[in-house]
There are 2 protein chains.
Amino acid sequence: MKPSPTQLAALVAPIESELEAMRATIVEQLSDGSGAVSDMTGHVARFRGKQLRGSLVLLVARALGRQNDELPAVAAVVEMIHLATLVHDDILDGAKVRRRVASVNQRWDNQVAVLLGDFLYARAFALSTQLSDRMCSSLLAETTRRLCVGEIEQSTRRYDFDQAPEKVERIAAAKTASLYAAAAELGARYPDGSEEEAQEMARFGHELGLAFQLVDDCLDLVGNEETVGKSIGTDVADGKVTLPVLTVYRKATPEVRARIRDAYTLPELEDRVTHLAAACDLQPGIDATLARAAELADSARARLSTLPESAARQALDDLCGFVLARSF
Amino acid sequence: MKPSPTQLAALVAPIESELEAMRATIVEQLSDGSGAVSDMTGHVARFRGKQLRGSLVLLVARALGRQNDELPAVAAVVEMIHLATLVHDDILDGAKVRRRVASVNQRWDNQVAVLLGDFLYARAFALSTQLSDRMCSSLLAETTRRLCVGEIEQSTRRYDFDQAPEKVERIAAAKTASLYAAAAELGARYPDGSEEEAQEMARFGHELGLAFQLVDDCLDLVGNEETVGKSIGTDVADGKVTLPVLTVYRKATPEVRARIRDAYTLPELEDRVTHLAAACDLQPGIDATLARAAELADSARARLSTLPESAARQALDDLCGFVLARSF
């Protein structure tokens with residue numbers, strides 16, 4: 001059975017009080033004396049979403065028995081960077097619905113979406129500079145750079161069916177897994193954890209995040225718009241050649257390849273994903289991509305074996321299952 | 001006589017070697033293993049421009065007799081934040097030409113311009129976190145937040161002729177003067193300058209930056225596209241009610257007011273500034289705005305009087321004249 005939002009809530013129960021502190025910090029950071037800004041950030045607060053990245057900071061810290069009053073703020077910085085990327089992503093892929101609220105880009109215009117994303121980044125960095133240890137600032141600035149490079153590379157390789165699957169996976173890793181890796185690393189490291197544990201948890205976060213992104217790529221092709229809570233088919237509409245599509249393309253006959261490329265370049269962006277599904281059998285690509293995601297999640301799960309048994313460790317284990325089985 | 005780029009170069013002669021170090025740092029920061037990114041950042045490097053903000057860091061430090069090997073890197077962070085705002089500004093006001101090279105937005109699309117700006121912000125913050133003192137990170141993150149709030153407020157008040165001139169000036173201060181203030185403050189403060197000098201130099205930078213912006217608002221109305229090196233009339237095209245226009249509007253008859261509003265809402269964006277100039281006499285608004293800029297520059301200049309005489313102090317004094325008399 002597919003996991004539900006309720007099950008996700010149960011999963012993060014061990015860190016509920018820290019999560020509440022994280023949420024309060026985000027709300028506080030998004031409030032601003034300026035009416036114009038508050039109006040927008042109030043809207044952004046509704047993008048709340050799954051908060052997996054912030055939860056990861058707190059669960060890893062808890063699983064390693066680490067305690068620090070600043071961890072909810074560290075988690076808030078991670079979530080705010082993620083929020084900024086979501087707002088800018090709305091410009092990127094023209095998604096019309098994200099998480100069941102009109103996207104910033106639809107409600108205001110591109111100008112404001114750019115500025116609001118910039119504001120969120122600035123707030124996140126400003127908050128990180130107020131923490132007692134600089135590690136959070138430096139790790140997350142570097143991670144943000146990697147996120148951007150991943151997005152830029154993906155953007156410049158749109159409509160490119162000749163790229164290697166390994167490269168597509170590396171781009172997915174840069175644009176998504178890097179923030180998961182940083183979140184898990186910060187949970188283990190902030191401010192004085194062991195280098196070895198920090199690196200191991202970074203690898204855990206990397207694998208979990210990459211699995212999440214690969215599942216996301218599949219949901220964008222075959223997900224249910226209502227359940228997923230955001231527009232479906234945006235990758236195809238945007239010309240992004242994701243792993244499931246590339247897998248099918250590489251095994252297809254020249255005729256099917258031509259039909260796939262035709263679907264990707266239809267002038268009506270919304271029709272592209274429907275035509276793609278009609279042009280080929282996507283299922284083998286979905287299956288192969290989900291198998292790769294499962295492999296990554298298994299590898300991530302195995303890294304938890306050295307941690308002492310605890311509710312938090314179990315939650316991290318469950319999270320590996322959640323990213324695979326999720327339908328939202 | 002109007003100052004020329006050659007005269008600006010002479011003005012920064014006292015800090016030429018540090019400026020070279022700053023430029024080398026920027027080039028180094030913009031290079032990236034990724035071919036896609038290098039291609040774009042190579043283009044951005046051509047946005048070099050006047051580098052007034054970076055120069056301000058170095059001139060203030062020199063004028064106060066402060067020495068620190070990290071100052072060129074501090075100046076580079078300031079310039080990179082400015083570069084990021086320029087790249088995102090190209091999305092904002094649809095400018096077609098900036099600094100004589102095709103804008104990022106024209107050469108690539110909105111997607112890539114957003115990502116490239118994000119990359120520049122991330123690089124700037126990452127570099128700032130590598131400095132030995134955190135002050136640069138925290139001051140510039142906070143300044144970036146203020147920049148964004150200023151831009152957001154300006155964006156939400158487009159086509160609004162009922163706003164108070166004081167509010168328009170406050171927005172100009174937030175969106176432009178705040179980075180000049182931070183640059184001058186960092187020159188005085190980084191890493192262990194006196195609080196009093198730092199605050200005084202922040203005020204100097206604020207006044208200089210606000211004067212610069214007010215002159216910019218005038219150049220956008222009556223400048224020469226060739227000389228200014230960027231598109232003219234973009235504020236009007238974008239619906240931005242700047243101080244010179246608001247000044248004219250507030251003193252105009254109801255008939256002229258209606259013609260001004262009509263010019264601002266013409267469907268052909270490029271025609272707006274021409275129609276505006278035909279709808280009213282802009283000169284009194286230009287004159288009043290330049291007088292206000294001169295007042296600010298005089299106040300800034302007066303703050304230099306307590307500094308010991310030096311070539312750097314003279315350069316800062318000349319800079320106050322330059323921002324007023326500039327035609328580029």
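Among contacts in chain A between residues at least 6 apart in sequence, what percentage join residues at least 24 apart? The figure is 77%. The points below concern a predicted model.

1. Overall form of chain A. This chain has 17 helices and 2 strands. Its radius of gyration is 19 Å, close to the 20 Å that the globule rule gives for 328 residues, so chain A is as compact as a globular protein of that length. Taken along the principal axes, the C-alpha atoms of chain A fill a box of roughly 60 × 50 × 35 Å. Of the 328 residues in chain A, 62% are buried.

2. Geometry of helices α4 and α10 in chain A. Helix α4 of chain A spans residues 52-63 and helix α10 of chain A spans residues 195-222. Their axes come within 12 Å and cross at roughly 155°. Angles over 145 degrees count as roughly antiparallel, and α4(A) and α10(A) are therefore roughly antiparallel to each other. The crossing in which α4(A) passes α10(A) is right-handed.

3. Residues at the α4(A)–α10(A) contact. On the α4(A) side, the contact involves A:Leu52, A:Arg53, A:Leu56 and A:Val60. These residues meet A:Met201, A:Phe204, A:Gly205, A:Leu208 and A:Phe212 in α10(A). By class, the contact of α4(A) with α10(A) has 7 nonpolar, 1 polar and 1 charged residues.

4. A:Asp220. This residue is found in helix α10 of chain A. With a relative accessibility of 7%, A:Asp220 counts as buried, because the cut-off for burial is under 20%. Leaving aside neighbours within four places in sequence, A:Asp220 is in contact with A:Ser231, A:Ile232, A:Gly233, A:Thr234, A:Asp235, A:Val236 and A:Val273. A:Asp220 and A:Ile232 are 12 residues apart along the chain, and their C-alpha atoms are separated by 4.9 Å.

5. B:Leu56. In chain B, helix α4 covers residues 52-63 and contains B:Leu56. At 0% relative accessibility, B:Leu56 counts as buried. Not counting residues up to four places away in sequence, B:Leu56 touches B:Tyr180, B:Ala183, B:Ala184, B:Phe204, B:Gly205, B:Leu208, B:Leu316 and B:Leu319. The C-alpha atoms of B:Leu56 and B:Arg145, which are 89 residues apart along the chain, are separated by 20 Å.

Definitions and conventions: Residues numbered from 1 in each chain as written. Chains lettered and ligands numbered in written order. Predicted model: local features only at pLDDT ≥ 70, side-chain atom pairs only at ≥ 80, totals over all residues. Heavy atoms only, no water. Axes fitted to C-alpha atoms, helices over the stretch in contact; angles between N-to-C directions. Helix = DSSP H or I, 4+ residues; strand = E, 2+ residues; numbered from the N terminus. Parallel < 35°, antiparallel > 145°, perpendicular 65-115°, else oblique. Left-handed = near helix turned anticlockwise from the far one by under 90°. Contact = heavy atoms within 4.5 Å. Nonpolar A, V, L, I, M, F, W, Y, C, P; charged D, E, K, R; others polar. Rg over C-alpha atoms; globule rule 2.2 N^0.38 Å. Buried < 20%, exposed > 50% of the residue type's maximum accessible area, 1.4 Å probe, protein only.
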